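Please examine the sequence and the model first.

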Amino acid sequence: MSTAVPVVHSEEVREALHEGRPVVALESNVITHGLKYPHNTETAHQVEAAVRKGGSVPATICVEGGAIRVGMTEQDIERFASEPGIPKVSSRDLPVVLARGSRGATTVASSLVAAELAGIPFFCSAGLGGVHRGAETTMDISSDLIQLTRSKVAVVCAGAKMILDLKLTMEYLETQCVPVISYQSDDFPAFYCASSGVRSPHRIDDEDLIARVVGTHWAAGHPGGVVVTTPPRAEDAVDSAEAEAAIGDALARAEREGVTGQGLTKYLMHAVDQATGGRTAQANRAVLISTAEVGGRVAAAYARLRA
Ligand code: PSU
Ligand code: MN
């Protein structure tokens, strides 16, 4: 067998990379598992448009036919958005799905693997996976965090999902030597909410300086990524007391029903959305879009630095 993992770039992404233009990788699990049809297709296109507005080329990633696909077409996105049963593929699942030649939607973790293989140093999503509440006993820590220590890809996001233990998530990133930079804000954001109540170790207001930090991290020989956070816009944010109450109920329900493991994140996100009358999914979509524009701008700043 060949030793390389097949990576198929779309023509636009291949040309952009060849010419040194900025590209931002995007996950597909948010399309299949994060949002419901038809919001998922609609949002995926709005996210891609926001990356372009920020000055970069979007590259939504999935796995199909034994290859990593980098730059899903409009038809690919529509298929993934509308066909049921497409599995969530995290880092541990990636070799199985690739070797079988089946298809799957990439999480943050597996998208980072894919982005590095594809030669794309920037990735963007709304909320990282992280250390789950109760991880002291369940040991449920998202592979997103571990993959961040292994792939040389910078991640622009609105912090980590609010259903998590964000204090422990920050501790974990610190322990694992992953720099966290907060763009134009003092706090680590909580996805739907502007602040997690945890102060960010570094606030930087200037995109060019953030790009230099990313370049310096890699120049210093680090094998992993950098987390760049940007908070939700005030008009998109959800009231944190309301979200917390819904999260508390969702966690209790998940425990009663014995939901653990790979399906937990989706279960909690949907339960919180139901409890808030759809407001958190609406905020999720808005945050995906606003974050993507910042991602596009930071990746563009990095490309200017390398030019
Ligand atoms: N957004 C959602 N629901 C999700 C995810 C994002 O609304 O399920 C995904 C992301 O792809 C992220 C993953 O990488 O959840 C983390 O899952 P886990 O906690 O199982 O590692
Ligand atoms: Mn998990």
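**The ligand shell and the annotated residues**

The shell around ligand 1 comprises 4 nonpolar, 11 polar and 3 charged residues; here Ala, Val, Leu, Ile, Met, Phe, Trp, Tyr, Cys and Pro count as nonpolar, Asp, Glu, Lys and Arg as charged, and the others, Gly among them, as polar. This is a predicted model, in which local features need pLDDT of at least 70, side-chain atom pairs count only at pLDDT 80 or more, and totals for chains, interfaces and linings use all residues. Residues are numbered from 1 along each chain as its sequence is written, while chains are lettered from A and ligands numbered from 1 in the order in which they are written.

Of the 18 residues around ligand 1, those that come nearest are G34, T107, V108, G129 and S142 (a residue is near if its C-beta atom, placed from the backbone, lies within 6 Å of the molecule). Two or more residues each are given to this shell by α2 (29–34), α6 (108–118), α8 (143–148) and α12 (264–275), and α2 gives the most, with 4 residues. Helices (H or I, at least four residues) and strands (E, at least two) are DSSP runs, numbered from the N terminus.

The UniProt annotation "active site", from an unreviewed entry, covers E27 and K161; such annotations may be inferred rather than shown by experiment, and their positions are given in the numbering used here, with feature names shortened. E27 lies in the loop between β2 (23–26) and α2, and K161 in the loop between β8 (154–157) and α9 (166–175). E27 is buried because 29 other C-beta atoms lie within 10 Å (buried requires 20 or more, exposed 12 or fewer, partly exposed in between, with C-beta atoms placed from the backbone). K161 is likewise buried, with 27 such atoms within 10 Å.
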